[in-house]
Amino acid sequence: MTQAILETTSTRTESELGYASYRLGEYQFSRDRNFVRIDWGKAAHLIPVDQFMTALARDLGWKFLYGWIFFDDVFGTVNHYGQVEVFAGKHNPAYIQAGVAHSETFPTEEILAVFRAMTQDWISEGYDPLAVPTQTGSAVGPKGKPASVSLTRGFTTPARRLLGMSGDAQPRSDAAGQPINPSFADLMFDKPEVTVEPGFEGQLHAVNVFDHIARSEVTWIPSTVSATRDSLFCMSSEEHVLPVTHGNDRPEWFIQLTDEIHWTIQDKDTGSARGRVIMRAGDVCAMPADIRHKGYAPRRAMLLVLENACAELPELYARGALPPYPVEF
């Protein structure tokens, strides 16, 4: 199925550097030594290749996440859950005013196939878009040997009920070859003691999720550690800069568990500044449904995100049936 999609939706033209070009609807994607070029007839846009690839790798791994993923202030994707909108300048006032903004919507599997082909062709050995900056390597230059790193690592199977339960997603461990990251070596990783009344054996479970997240090889990749109907607890370790700007289609609750993260907050549609939030261990904040945000972590930190996965929420917020913020004071 994927191969058929690639044959009908993307055209490949080898460049002098060895890289293929790809077409998706009206979009033409190509790259040179330093930049990815996106053409859509009305205009063209350049994104530094390392910035594009770090954003693309996470957009794919997240399956386009909730809402908007801005690669920069011009290009990005919107998840419509079954379909994905690809936009260029649609949320940039200058592009709108110039009349060159563009967007197209594709079936999710179609865009996944083309974007995956890009990562396979444009990422060479020695470059790892999921690693922290000191381990990333370089994305620039001509095409080399195929990459040897997995771009799916870190995107764990989400817990259906609670991480570590019998038959559910299991936590990372030494046995699986996943050591504690040195940045979290000072944390406590004791296993919880669970005592139940007779007759309730197997019905109560607990896990030290700090131990699970401290073993994450990559950053800015949430791991769903518990689920109660549509309520999800997602944890991740964060370091340096979130490679994308995330635009919400519903509110998110953030709880800072260790260290600190600085967030820049912008208007979702225009990108104008709305505020700046500095979260330190123990702080709680809500990201409204009408903003985009980008995080900066001075050192590796743990973040807990509370998500409401109710499928009706995006439409309710989009038409104003619910206020964009989750609580009034």
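Colleague: What makes the sulfur of Cys-285 too far from the closest cysteine sulfur for a bond?

Modeller: A disulfide is defined here as a pair of cysteine sulfur atoms within 2.5 Å, and because the closest cysteine sulfur to that of Cys-285, the one in Cys-234, is 15 Å away, the two are too far apart for a bond. A search of the whole structure accordingly gives 0 disulfides, and Cys-234 is in none. Bear in mind that this is a predicted model, in which local features need pLDDT of at least 70 and side-chain atom pairs count only at pLDDT 80 or more, while totals for chains, interfaces and linings use all residues. Residues are numbered from 1 along each chain as its sequence is written, and side-chain values use heavy atoms, with hydrogens and water left out.

Colleague: Why is Cys-285 counted as buried?

Modeller: A residue is called buried under 20% relative accessible area, exposed over 50% and partly exposed in between, with a 1.4 Å probe and protein chains only; Cys-285 has 15% relative accessibility, and therefore counts as buried. Cys-234, with a relative accessible area of 8%, is buried as well.

Colleague: How do you know that the side chains alternate along strand E15?

Modeller: Strands (E, at least two residues) and helices (H or I, at least four) are DSSP runs numbered from the N terminus, and E15 covers residues 284-287.

Colleague: What pairs strand E12 with E15?

Modeller: Two strands pair if DSSP finds at least two bridges between them; E12 (residues 252-256) and E15 are joined by 4 bridges and run antiparallel, so by that definition they pair. Phe-254 has Cys-285 as its bridge partner in E15.

Colleague: How does the reach of helix H4 compare with the expected span?

Modeller: The expected span is 1.5 Å times one less than the number of residues; H4 (residues 108-122) has 15 residues and reaches 21 Å from its first C-alpha to its last, close to the expected 21 Å. H4 is also mostly covered, with 12 of its 15 residues buried.

Colleague: Why does Ile-111 count as buried?

Modeller: Ile-111, which lies in helix H4, has 0% relative accessibility and therefore counts as buried. Contact means heavy atoms within 4.5 Å, and, residues up to four places away in sequence not being counted, Ile-111 touches Leu-24, Phe-64, Val-84 and Val-86. The C-alpha atoms of Ile-111 and Val-84 are separated by 7.4 Å, although these residues are 27 residues apart along the chain.
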